[in-house]
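The tour goes from the whole chain to single residues.

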Amino acid sequence: LDDAQRRLEGAERALDERTKEKNAQEKKLQILEKRKEETSRLLHKALHQSQKEVQIATNKLGVVEKDRSDGFARIEESQQRVQELESRIEDERKRATEGVNNRIASFQKFGKTYFQQETLDKIICA
């Protein structure tokens with residue numbers, strides 16, 4: 001009976017520890033999710049701003065085409081700016097995609113490890 005009582009107490013302590021650990025990991029996950037949301041929000045804001053800049057550059061290009069007296073120098077300048085903006089947009093998209101993919105992989109690894117540990121705990125406690 002004492003042995004069973006000790007095992008029960010040990011199992012309860014282990015459960016309490018796992019619960020605390022789970023809660024701590026959930027808080028970490030929430031923090032990471034908030035960071036991801038903030039990063040996503042900033043990326044969308046930067047993308048929107050870049051799209052506005054592309055639109056502005058495109059509009060300027062249209063004006064330049066109408067005014068051929070200043071034409072060719074301005075056209076080349078506007079085209080270069082558009083290419084730079086598109087390159088920055090593409091670079092930001094790649095970085096954001098890589099960051100999101102890394103976070104997803106990390107979350108998946110965390111989930112797999114957590115559930116494997118939980119399964120192991122169930123087996124041990126059984």
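The radius of gyration is taken here over C-alpha atoms, and the globule rule is 2.2 Å times the number of residues to the power 0.38. For a compact globule of 126 residues the rule gives a value near 14 Å, whereas this chain has 28 Å. This is a predicted model, in which local features need pLDDT of at least 70 and side-chain atom pairs count only at pLDDT 80 or more, while totals for chains, interfaces and linings use all residues. Residues are numbered from 1 along each chain as its sequence is written, and side-chain values use heavy atoms, with hydrogens and water left out.

**Whole chain**

Colour by secondary structure next; the chain has two helices and zero strands (DSSP runs numbered from the N terminus, helices being H or I of at least four residues and strands E of at least two). Contacts (heavy atoms within 4.5 Å) can then be listed: of those with a separation of 6 or more, 63% are between residues 24 or more positions apart.

Switch to a surface. The chain exposes about 10600 Å², 53% of which is supplied by carbon and sulfur atoms (Shrake-Rupley method, 1.4 Å probe). Of the 126 residues, 13% count as buried; buried means under 20% relative accessible area, exposed over 50%, and partly exposed in between, with a 1.4 Å probe and protein chains only.

**Helix 1**

Select residues 2-66, which form helix 1, and find Glu-53 there. Is Glu-53 buried or exposed? Its relative accessible area is 18%, so Glu-53 counts as buried. Show its surroundings: leaving aside neighbours within four places in sequence, Glu-53 is in contact with Arg-81, Leu-85 and Arg-88.

Move to Ala-57, also in helix 1. Ala-57 is classed as buried because its relative accessibility is 2%. Not counting residues up to four places away in sequence, Ala-57 touches Ser-78 and Val-82. Draw a C-alpha distance from Ala-57 to Gln-79: the two are 22 residues apart along the chain and separated by 7.9 Å.

**Helix 2**

Select residues 71-125, helix 2, and centre on Glu-86. With 45% relative accessibility, Glu-86 counts as partly exposed.
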